[in-house]
Amino acid sequence: MTSLKEVDISRCAKVTDAGIRHLVSISTLQILRISETGVTADGIKLLSSLTTLFVLDLGGLPVTDTALSSLQVLIFS
């Protein structure tokens with residue numbers, strides 16, 4: 001999936017941190033919508049490697065201060 005730019009798996013409750021581990025290998029990802037999934041704060045931290053993201057929807061997820069802090073690298077990418 002070398003040209004995939006957008007993924008919307010919102011409201012897919014069976015998507016967990018394990019699924020996020022697979023998504024972070026897609027270096028071309030620009031838009032990611034994972035609201036209302038089974039992703040935890042640990043899964044959110046994994047997203048910091050997606051430096052091409054410019055839209056990230058985390059609605060309804062357990063976003064902790066630590067998880068949010070880990071995403072700061074995306075602002076300056």
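Q: How many salt bridges does the structure hold?
A: The structure holds one salt bridge, where the term stands for a side-chain nitrogen of Lys or Arg within 4 Å of a carboxyl oxygen of Asp or Glu. Before going further, note that this is a predicted model, in which local features need pLDDT of at least 70 and side-chain atom pairs count only at pLDDT 80 or more, while totals for chains, interfaces and linings use all residues. Residues are numbered from 1 along each chain as its sequence is written, and side-chain values use heavy atoms, with hydrogens and water left out.

Q: Which side chains meet in that salt bridge?
A: Those of D42 and K45, with an N to O distance of 3.7 Å. The two residues sit three apart in helix α2 (residues 41-46), so about one helical turn separates them.

Q: And K45, what is its relative accessible area?
A: K45 has a relative accessible area of 30%, which means that it is partly exposed; buried is under 20%, exposed is over 50%, and partly exposed lies in between, using a 1.4 Å probe and protein chains only.

Q: Stepping back, what pattern does the protein follow along the sequence?
A: The order is β-α-β-α-β-α-α, made up of four helices and three strands. These elements are DSSP runs numbered from the N terminus, with helices being H or I over at least four residues and strands being E over at least two.

Q: What is its radius of gyration?
A: The protein has 11 Å, which agrees with the value near 11 Å that a compact globule of 77 residues would have; the radius is taken over C-alpha atoms, and the globule rule is 2.2 Å times the number of residues to the power 0.38. Along the principal axes, the C-alpha trace spans about 30 × 25 × 20 Å.

Q: What share of the residues is buried?
A: Buried residues account for 34% of the 77. As for contacts, meaning heavy atoms within 4.5 Å, 52% of those between residues at least 6 apart in sequence join residues at least 24 apart.

Q: Which residues other than glycine have a positive phi?
A: Among them are R11, with phi near 65 degrees, and E36, with phi of about 55 degrees. R11 is placed in the loop between β1 (6-8) and α1, whereas E36 belongs to the loop between β2 and α2.

Q: Is R11 buried or exposed?
A: R11 is exposed, at a relative accessible area of 61%, while E36 counts as partly exposed at 48% relative accessibility.

Q: Switching to the serines, where does S27 lie?
A: S27 lies in the loop between α1 (17-23) and β2 (31-33), and it is exposed, with a relative accessible area of 56%.
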